[in-house]
Amino acid sequence: MALLAVNDLTVIYPARAGAVPAVRGVDLTLEPGETLGLAGGSGCGKSTMAAAVLRLLPPGTRTSGTVLLEGEDVLTMRPGRLRAVRWTEAAVVFQGAMHALNPVRRVGDQIAEAIHLHDKVSDKRAATRVGELLEQVGLPARRASSYPHELSGGQRQRVMIAMALACSPRLLIADEPTTALDVMVQAQVLTLLEELRRELGLALLLITHDLSVLASTCERIAVMYAGRIVEEGPAAKVFEAPAHPYTRALAEAFPTIGDRASRRNPHGLGGDPPDPRDLPSGCPFHPRCPVSIAVCPTLEVELWPAGDGRRAACVHVRDGHPELVRQVPPHPVGEDAPAHPGPEGSGEPRGGAPVRRGMS
Amino acid sequence: MTQPTIEEPLGGAPHADTTVPPSLPPQLSPRAISRARRRQAAARAWQEYRRNSIGMVGLAILVLFVAMAVFAPLLVPESELDVTKATGAPFSPPSAEFPLGTDESGRSVLALTIWGSRVSLLVGFLASVISVVIGSVVGIAAGHFGRWTDSLLMRVTDWFLVIPFLPLAIVLATVLGPSLANIAFVIGITSWPGTARIVRAQALAVTSRPYIERARALGAGDWHLITRHILPNVVPLIFANTVLIVAVAILSETTLAFLGLGDPLRVSWGSMLDAAFTQGAASIGAWWYLVPPGVAILLVVLAFTMIGQALESVLNPRLRGR
Amino acid sequence: MAATSTRTFRPSAGQRRLGAKLIGAALSLAFVLVFNFFLFRVLPGDPAKNLTRNRLVPAEQVEVLRESFGLGKPLPQQFAQYVRDTLSGDLGISYKFRRPVSEVIAERIWPTVLLLGLSTLLSTAIGLWIGIRGAWRRNSVFDRVSLGASLALYAMPEFWLGIMLLIAFGVGVGPLPGLFPTGGLSSPDTELASLAGVADVARHLFLPCLTLTLAYIAEYALVMRSSLLDELTEDYLTTARAKGLRDALVLRRHAVPNALLPTTTLIFLNLGFIVSGAITIETVYSWPGLGLLSYEALRTPDYPLLQGVFLLFSAAVIIANLIADLLYAYLDPRVRTG
């Protein structure tokens, strides 16, 4: 049984100016011990995915589909059961460098709070466990008595990771764990996550806008655009030879880890991310797409096999010309490819037929 | 805190020329352009304001009271305020002749309430002008000149902020003697520190913008910088703040008048409450003498508060939806 | 964090802040003294005459006033004398009571402390509760009603509210008799140091305390509400929920403590506002405290007494502000160690 199975998930946020469909029919599976990277630009719905796994959605949010965590649907759980599942089966590493820690409570207390919630242990036992956790993430145990503002961004992120491990979950969701950190610290945090994952046999759902981070950390990558997955497959393949023009733009946006200059200047991708309330017709990417053709504004393509165990939602893939996505100038792929490609994962190829999904 | 309704004088030039009204001379001076642009911004703000129902209700109440104050002599002849010409019995309850009853000398409470609006509103506005002028000058000077000017001015501001308002106002009013101008002065001189703080913060923000440095490098003097760059950016803020200050000033006038520090020769809502209370209206249950001025104050202050909040949400989008 | 090295004392950021606050408070107090001193001297003409302007004051009292001001001596000497006297507790002689101002004031402190203390306590507790509930259940019926009521209470002069309550519950409306005494601290002939005496004082305290509580609730509720609304958008609350905390605990353990920080400061800063309320409400209910004393002094007018009360109120508020700063530094670790 898959550890996490998301089926046809739709999430619609309430808003005064009209409902915002943040996620529009997403399927994902994650096996125990597997790593999956979820990539996409701002507003593509990737953070909503993280929130949906533990049902951390604002009141009034409408959802459909299922999110099966160890076989149980999170979206329809009773509140008591939901609170018990949170942090014990899946924990989230939030963007701890900024505001994810309570500024007026000691970090040790914040970690211990999670332990006390789910385990009936003495204060002393909990304190010992907090010390162990901190040491596990490379911080001295005495840091437990620090306040968040006394720690550096990297240290806070480590605290956040220690907190996520507090109740020994089998699934770790890391939502932008390296954003706002220095390049060196980014690398350290990623290494730490990777080590912990291997030592503890965790499954990892890593969410970031930085495709190169995923390429070096994950076995599989899924790329989201406008609330849908537009490409998924083995990390190295997706990164090196994207089958969807948006993936290609993302990949070219980050030639090397942490090169800040290139972050500002995504190659070959003009325009803004679409307003989820008012998506372009057909393929929502077509107004920004360098290889769009006449049918794109009227045709919403589903995920099609794109070779090498990949699937992509592009008309060129459907028509059997995935190479078209890559051939068009001005930025042939390969030129800016990263110096260190990710580990060759076992991105399980899945039959030929695309998963059918209702168009709403 | 940015004021999106006001464009940066140097930053937003390109799209302004297309919208300059045709009545302006063909060669537009930069000043004319920025004036036109400012007029536009004000029109936009008004469009935004009109959609705020709370603000419009407040505005309606206020217009009603201002009209009442302005047209008081037409509504009620001034002679009705003369104690010697009073026609009613003292403390008589509401009747057909006196819809709101009479006071201790037999005068109509309705007439007093209508005339009282004049002093209450006038003192409120006058005090606010004094307060806002002092607060703006101090705030802009502190924010623009910085260094020791800033430290000194903020020290003084903090002092006024920390000293309890009413005891200070009482001491000042007692020394100056009771008169309309003095009351307005006392309220103005004690209520400016809040404005000074807000204006200073905004002036600091403006001063640190790059185009100010550019203007300074081009040889712009302090006066030019303050009047052309800082002032236009803090005016909307000052405007919203003023409205809230008027509410506070009217309440302060009422309190001072209630304590017997008001102008003894004129009727205000506060002095009505003072007379009613000292003449024992409360102990004989003459509610009709006490309720009208109180409700009038409540409505006017509420109106100003509503307008002020609506203005803040128009001028400061960050607060929208609160 | 080491504050000292072997050779020189180098204060930490926290200590430097503390020092600045202490100096600031001392400066403010000094400023009050200077202000009080000059208040009656900057006016043109003879200060003694100014003080007795248009009022019948016996000639010998004008002379006493002249004497007490040390008029005729140079200004610095006058000031030195004034400061010396004030610091030694000599605030002059009250015209009205013909006794030392300090004595008159001392008698009136406790009723005011009782009234203000109790109403501050009640209004804080209730106001914060309303603010928290309103923010948590934003736009609910409770939130809308309490918001409207707060704005209305905020817009009415507190003494007017007091008079209305006095008519409704003290004097009585129509056939309904008054339920509470209309003024004073206690009924005549009541032994204060007995159970009946305490009950009697409580009955007298009820209406003024209710008025002040209602008047202050509004502001605390409004501030707590907006402060908590700010806090509720913070990321660390999502972290707390993700950990499996129930909503009530997320609110109590995480959101409220953070939202309380700005509110705490406000409660202390508000003391100036509270003092204003004391003056008018004590007047309405003839509550024999410092507020009523101020009213009596200004109606006489009794300048030495007025100055004395002003000095005391200002000092109390300045010190309360200092406490607020220190408390804030204690409550907020970012300030404490930063």
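In the predicted model, A:A5 stands opposite A:L68 of β4 in chain A. The two strands concerned are β1, residues 4–13, and β4, residues 62–69. Their pairing is antiparallel and extends over seven bridges.

This pair belongs to an open sheet of four strands in chain A. The strand order is β2-β1-β4-β5, and the pairing is antiparallel. Strands β2 (20–30) and β5 (72–73) stand at the edges of the sheet. Each has a single partner strand, so one side of each is left without a neighbour in the sheet. Helix α1, formed by residues 46–53 of chain A, lies across β1, β2 and β4. The helix runs at about 115° to β1.

Further along chain A, A:A243 lies in a loop. The loop connects α8 (235–240) with α9 (245–253). A:A243 has a relative accessible area of 0% and counts as buried, because the cut-off for burial is under 20%. A:V230 is 13 residues away from A:A243 along the chain. The C-alpha atoms of these two residues are separated by 9.3 Å.

Chain C contains 14 helices and zero strands. The chain has 338 residues, of which 48% count as buried. Among its contacts between residues at least 6 apart in sequence, 68% join residues at least 24 apart. The accessible surface of chain C comes to about 16100 Å². Carbon and sulfur atoms account for 66% of that surface.

Conventions:
Residues are numbered from 1 along each chain as its sequence is written. Chains are lettered from A and ligands numbered from 1 in the order in which they are written. This is a predicted model: local features need pLDDT of at least 70, side-chain atom pairs count only at pLDDT 80 or more; totals for chains, interfaces and linings use all residues. Side-chain values use heavy atoms; hydrogens and water are left out. Two strands pair if DSSP finds at least two bridges between them. Contact means heavy atoms within 4.5 Å. Axes are lines fitted to C-alpha atoms, for helices over the stretch in contact, and angles run from 0 to 180 degrees between N-to-C directions. Buried means under 20% relative accessible area, exposed over 50%, partly exposed in between (1.4 Å probe, protein chains only). Accessible areas come from the Shrake-Rupley method with a 1.4 Å probe; for residues, only the protein chains shown count as cover.
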